[in-house]
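The stops below go through aromatic rings.

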Amino acid sequence: MAYSRRLLLLALMLCMGWLASPAHGVTSYKIVALDVLPGGLDSYATGINEQGFVVGHSTLNRSGHVGQSRPVMWDNSGTPIELWSDPVFGGIPADINNLGQVVGRYGSGSGIPLPGPGIPGGGAFLWDPATRDFMDLGDMGVQNVQATGINDAGQVSGSSENFEGEPRAFIWDAVNDMRPIGTLGGMWSFGNDINSSGQITGYSWRADQSEHAYLWDPVTGMQDLGNPGRTGSRAYALNNNAEVVGIGNITAELGGAVLWIGEERRALFSANASFSFARDINQHGQVVGSGTGDSHVFAAIWDELNGAQKLEELVPSAMGWKLDVAAAINDRGQIVGYGRLDDQVRGFLLTPVPEPTSFIFALMAAVQGLILRWSNYRNVG
């Protein structure tokens with residue numbers, strides 16, 4: 001019996017290691033449409049946490065008038081919950097952490113074309129589920145601010161214009177407020193994502209006015225990730241291993257998705273490949289974003305084993321869907337983005353089938369059953 005238990009433990013360890021690998025074969029997904037608010041027209045999903053809560057926005061129409069982009073959270077059912085309803089502010093969430101805190105942009109730039117009387121300039125917000133209200137994160141001179149990422153410690157990344165009207169990347173927390181993190185020597189920088197260690201990635205001008213991706217660390221400061229393309233690079237996301245994804249050749253007609261791991265720069269796709277824009281990366285090295293081909297845009301995923309794949313081809317139940325953009329992926333492999341469902345713009349939530357947790361339990365039961373049979377056979381023999 002002791003031998004059987006050791007065998008069971010070994011089998012479970014192998015199963016867990018296989019499931020925790022960056023990819024374990026081609027995955028299929030089930031899809032959930034993320035509904036609009038009552039009376040709404042379109043919905044867009046932009047972020048997801050490890051519990052599967054999704055954030056994004058629902059538009060009431062496409063006019064761009066005040067409050068037409070409304071901040072929304074969805075659960076696995078796809079039912080929208082409006083974070084606040086004040087039409088003066090509007091709101092476009094960008095990210096959600098595992099505590100349910102949400103960050104993004106409100107005011108100008110969130111369905112409001114320009115500031116005016118009674119209309120706030122673009123500001124960055126943090127919404128807290130405990131108070132069910134949002135707070136303004138301040139600015140660095142001009143109220144033209146956006147928050148782009150939040151970690152579980154409540155640190156926020158983003159960018160704000162200074163008094164000279166130059167956008168600068170920042171880090172924010174409740175103790176130290178908003179602090180600029182510098183540039184690569186040029187006039188401006190943008191912060192796009194933050195990980196659990198407080199590292200930030202984004203892109204910045206250099207002194208020669210070229211645009212390069214960077215990785216910022218509280219200890220070493222802003223490090224130039226180099227230019228894997230001919231014209232420039234931008235970084236959009238990073239994981240807790242400081243693996244960064246983004247795009248190179250940003251002024252060319254088609255950019256190329258890029259993965260930075262330390263000093264290594266990898267073009268994820270060949271020059272004639274369709275996939276061109278990397279938006280997010282999880283702890284297993286799975287990358288999601290968008291591709292272009294045959295005059296249309298499609299959502300895609302990349303991993304080390306399978307390379308780039310169109311998400312539509314991995315969703316057997318995607319009848320009526322055209323998946324355009326994959327915006328974020330969590331460590332469970334759930335993916336959110338937006339596309340078209342019966343010619344209406346809709347956010348989507350993709351969940352791997354079977355889900356990793358249920359698959360582990362199924363494997364455990366199967367392995368245990370085999371061992372019990374083997375043990376009974378030995379006892380009979």
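**Aromatic stops**

Start by selecting W188, which counts as buried at 13% relative accessibility (buried means under 20% relative accessible area, exposed over 50%, partly exposed in between, with a 1.4 Å probe and protein chains only). The model is predicted: local features need pLDDT of at least 70, side-chain atom pairs count only at pLDDT 80 or more, and totals for chains, interfaces and linings use all residues. Residues are numbered from 1 along each chain as its sequence is written, and side-chain values use heavy atoms, with hydrogens and water left out.

Rings of Phe, Tyr and Trp (its six-membered ring) pair if their centres lie within 6.5 Å; planes under 30 degrees apart count as stacked, over 60 as edge-to-face and the rest as tilted. Because W188 lies in strand β14 and W205 in strand β15, this pair ties together parts 17 residues apart in sequence. Strands (E, at least two residues) and helices (H or I, at least four) are DSSP runs, numbered from the N terminus.

Next, show every aromatic pair; a search of the whole structure finds twelve. One of them is W188 with Y203, edge-to-face at 6.1 Å centre to centre and 90° between the planes. Y203 is in strand β15 (residues 200-206), W188 in strand β14 (residues 185-194).

Finally, select W188, F190, Y203, W205, Y236 and F277 together: they form one aromatic cluster.
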